[in-house]
Amino acid sequence: MQRCADFHAEWMAELIRLTKSHAETPFGCIIVDRRDGTIVATGMNQSSTFRLLHAEMVALQNYSQTSRPEWRHIIVYSTAEPCAMCQSAMLWCGVRQMVYGTSIESLVRLGYKQIDIAASEVVRRSWASDTEIVERVLEADCNALFEQHQRGK
């Protein structure tokens, strides 16, 4: 269990590093192939150009354009809990594991507009209710990204 927690923390730390270099938004996402531990796609929120371009949607789209996407072998990491749209998209794609840092509850508290439906609730109500959601990995570090972004507005 500790090995898995360390694995997720390492990838979340890498995502935080990548997201910090993208000054426009704290919403970032990476997709990791669990078989060889490599990043196979990334995404940063681009909703200022089109509202549906959340970081997870961008990363899923980028992964879909790789030579042979194998959805059952990936883990999606996001700095924030996926909204209902993004979590649903992951389910439709066949993603079986999702890891996030900041919760929707924390985003609302910080002043971000959110639809208050937990990713776990979307999964629970789906045909893929055994999909794993790993919550609040490096939460304090992710919260700091969002807090800093809000202060900079």
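Guide: Happy to; we can go through strands, a helix, cysteines, aromatic rings and a few single residues.

Guide: One thing to keep in mind is that this is a predicted model.

Visitor: Good to know. Let's start with the sheet: which strands does β3 pair with, and in what sense?

Guide: Strand β1 (residues 28-33) and β3 pair in the antiparallel sense, over five bridges. With strand β4 (residues 97-102), β3 pairs in the parallel sense over four bridges.

Visitor: What does β4 pair with in the parallel sense over three bridges?

Guide: That is β5. Gln 97 stands opposite Glu 132 there.

Visitor: Why is β3 described as largely enclosed?

Guide: Because seven of the seven residues of β3 (residues 74-80) are buried, the strand is largely enclosed by the rest of the structure. The reasoning carries over to β4: six of its six residues are buried, so β4 is largely enclosed as well.

Visitor: And how does the chain get from β3 to β4? Which helix makes a β-α-β unit with them?

Guide: Helix α3 (residues 84-93) does, and the unit is right-handed. Within α3, the residues Ala 84, Cys 86, Gln 87, Ala 89, Met 90 and Leu 91 are buried. Their cover includes α2, β3, β4, α5 and β5. Just after the helix, Gly 94 takes a positive phi of about 95°.

Visitor: Switching to cysteines, since I always check those. How many disulfides are there?

Guide: The structure holds zero disulfides. For Cys 29, the nearest cysteine sulfur is that of Cys 86, 8.3 Å away. For Cys 83, the nearest one also belongs to Cys 86, at 3.7 Å.

Visitor: Now aromatics. How many aromatic pairs are there in the whole structure?

Guide: A search finds six. One of them is Phe 27 with Phe 146, an edge-to-face pair with 4.8 Å centre to centre and 70° between the planes. This pair links distant parts of the chain, 119 residues apart: Phe 27 is in the loop between α1 and β1, and Phe 146 is in helix α6 (residues 139-152). Both of these residues are buried.

Visitor: What about the tryptophans?

Guide: The rings of Trp 92 and Trp 127 have centres 4.7 Å apart and planes at 45°, so that pair is tilted. Trp 92 lies in helix α3 and Trp 127 in the loop between α5 (119-124) and β5 (132-134), so the pair ties together parts that are 35 residues apart in sequence. Both Trp 92 and Trp 127 are exposed.

Visitor: Back to Phe 146. Which residues do ring pairs link with Phe 146 into a cluster?

Guide: Phe 27 and Tyr 112. Leaving aside neighbours within four places in sequence, Phe 146 is in contact with Phe 27 and Tyr 112, and also with others including Pro 26, Thr 79, Ala 80, Thr 102, Leu 107 and Leu 110.

Visitor: Which residues have the most contacts inside the largest nonpolar core?

Guide: Those are Met 12, Ile 31, Val 76, Tyr 77 and Phe 146, in a core of 43 residues. In soluble globular proteins, nonpolar side chains tend to be buried together.

Visitor: Last one: where is Ala 9, and what does Ala 9 touch?

Guide: Ala 9 is in helix α1 (residues 2-20) and is partly exposed, at 24% relative accessible area. Outside the four places on either side in sequence, Ala 9 is in contact with Val 137 and Leu 138.

Definitions and conventions. Residues are numbered from 1 along each chain as its sequence is written. This is a predicted model: local features need pLDDT of at least 70, side-chain atom pairs count only at pLDDT 80 or more; totals for chains, interfaces and linings use all residues. Side-chain values use heavy atoms; hydrogens and water are left out. Helices (H or I, at least four residues) and strands (E, at least two) are DSSP runs, numbered from the N terminus. Buried means under 20% relative accessible area, exposed over 50%, partly exposed in between (1.4 Å probe, protein chains only). Contact means heavy atoms within 4.5 Å. Two strands pair if DSSP finds at least two bridges between them. A crossover is right-handed if, with the strands pointing away from the viewer, the path from the first strand over the helix to the second runs clockwise. A disulfide is a pair of cysteine sulfur atoms within 2.5 Å. Rings of Phe, Tyr and Trp (its six-membered ring) pair if their centres lie within 6.5 Å; planes under 30 degrees apart count as stacked, over 60 as edge-to-face and the rest as tilted. A nonpolar core is a set of buried Ala, Val, Leu, Ile, Met, Phe, Trp, Tyr and Cys residues joined through side-chain atoms within 4.5 Å.
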